[in-house]
Amino acid sequence: MTSAPKSFSIKSFGCQMNVYDGERMAELLSDTGLAPAAPGEDADLVVLNTCHIREKAAEKAYSDIGRLRRPDGSRPLVALAGCVAQAEGSEAQARSKMIDIVVGPQSYHRLPEMVADAARGSRPIDTGMPALSKFDRLPRRRRAAPSAFLTVQEGCDKFCTYCVVPYTRGAEISRPWKDVIAEAHALVGAGAREIVLLGQNVNAWSADDETGGDRGLDALIRALSRIDGLERIRYTTSHPADMSDGLIAAHGEIDKLMPYLHLPVQSGSDRILKAMNRSHSTDSYLRTIDKVRSARPDIAFSGDFIVGFPGESDADFEATLRIVDAVGYAAAYSFKYSSRPGTPAAAMEDQIAPEIMEERLRRLHERIAVHQLSFNQSKVGLDTQVLVERKGRHDGQMIGRSPWMQSVHFQSAAPPGEMVDVTLVAAGPNSMAGEVRSERTSRAAA
Ligand code: 5AD
Ligand code: SF4
């Protein structure tokens, strides 16, 4: 490849932080004069923004690269970004000759210059964790979905024994107070009505505010709630050990903070939680859940679970089913344990057979589905507000989210970004049907 690319496409895998990073890379590339390729059109530059959390996700990056060769034998310039790039560095280029650029999650502000280098025939790699934050070099936000992501915290110091994140995303860092506030204003100015604060351990966020005082996430949420035109605030993902009393209280005090909390527990067995180095017990987790419920009685919880962690017995797994029942999650995500290179759990004895993991995952899915449906059913008949996000599949149908993160479909002429008053009239396993009561036509001036 010798000529400079004119168009690009970015495909993000994995978590919401990757979605955010993908949006920022798109803004950067647009600023250097590249145009986003139309859907279905071949791009001159393809960025694969990868996930390393489980083996299957990591392998997906390589199978996608293989498919980028065109029938005439030509291919786009390929940039491997995200956590696989960070974890594998130059090994990635040794494994696939098609990878021109390797760029980690902390260095993608350098993508435009790396693309220029690659177009001249070199194969640049940057997996550094620079002291100066990439955020300072990224362009101002100009586009935003009705519900927009805003990364406020990155990295993880918790070192759960199964997890690659502390290695791929590095140590916990919090973005400065004024930077977050400025980006939130820019997002609202660009059309966001909801902001989802992101971080691997978002509730560990802390920084000095304008007065120099050390503040936690609750203070940040309180400050953001004063932004006119911003209607809703969420945050994810939280660690149970970092749910401070102030943050719990904020759920009862700040109307714009939505009644939904993603609080992964991973297992219901204390023995397994210890082996996972989770730094919380089932008991402390359930106490936290109770406290949040006291502050905000209608709060919905979601969680993450891993089945088949090394040494997990039938009794341990039964304990996981029991904690699902005890919490009554509105939604939950469950995964088969995947052994990751370099993590302590990969070296543990008593790895669980794939067919046992499969069976446990199936039973866990079933149990979670029961709670999810009953949560949805409990909301039937309720009058609430929905933030319109996009068109539905049927004529005149729109789709948005309830305060509890339920996907709601309804007939309406309201465009994305509008808040509509809706009665929830029917519940399905994964969504709700709504009927519009009145359409608020005023888009808050931002
Ligand atoms: N295997 C399976 N699931 C994992 N997760 C993290 N690491 C692994 C692993 N090695 C899950 C956890 C985490 C979610 C983002 O991914 O449940 O909360
Ligand atoms: Fe991974 Fe544990 Fe950190 Fe979450 S808290 S990112 S699971 S090490």
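Biologist: Why is Cys163 counted as buried in this predicted model?

Modeller: Buried means under 20% relative accessible area. Cys163 has a relative accessibility of 15%, so the residue counts as buried.

Biologist: Why is Cys15 called partly exposed?

Modeller: The relative accessible area of Cys15 is 38%.

Biologist: What makes up the shell around ligand 2?

Modeller: The residues surrounding ligand 2 include Cys156, Cys160, Cys163, Asn201, His239 and Arg278. By class, the shell consists of seven nonpolar, two polar and two charged residues. Cys counts as nonpolar, so Cys163 falls in that class.

Biologist: What makes the side chains of Arg169 and Asp21 a salt bridge?

Modeller: Their N to O distance is 3.0 Å. The limit between a side-chain nitrogen of Lys or Arg and a carboxyl oxygen of Asp or Glu is 4 Å, so Arg169 and Asp21 meet the rule.

Biologist: Which domains does the assignment give, and how many salt bridges cross the interface of domain 1 and domain 2?

Modeller: The domain assignment lists domain 1 (7-126), domain 2 (133-378) and domain 3 (383-445). Five salt bridges are found across the interface of domain 1 and domain 2.

Biologist: What area is buried between domain 1 and domain 2?

Modeller: About 2600 Å² is buried between them, with 54% coming from carbon and sulfur atoms. Of the area that domain 1 buries against domain 2, Met17, Tyr20 and Arg24 supply 26%, more than any other three residues.

Definitions and conventions: Residues are numbered from 1 along each chain as its sequence is written. Chains are lettered from A and ligands numbered from 1 in the order in which they are written. This is a predicted model: local features need pLDDT of at least 70, side-chain atom pairs count only at pLDDT 80 or more; totals for chains, interfaces and linings use all residues. Side-chain values use heavy atoms; hydrogens and water are left out. Buried means under 20% relative accessible area, exposed over 50%, partly exposed in between (1.4 Å probe, protein chains only). A residue is near a molecule or strand if one of its heavy atoms lies within 4 Å of it. Domain bounds come from an automatic or database domain assignment. Buried area is the accessible area (1.4 Å probe) that two parts lose on being put together, summed over both.
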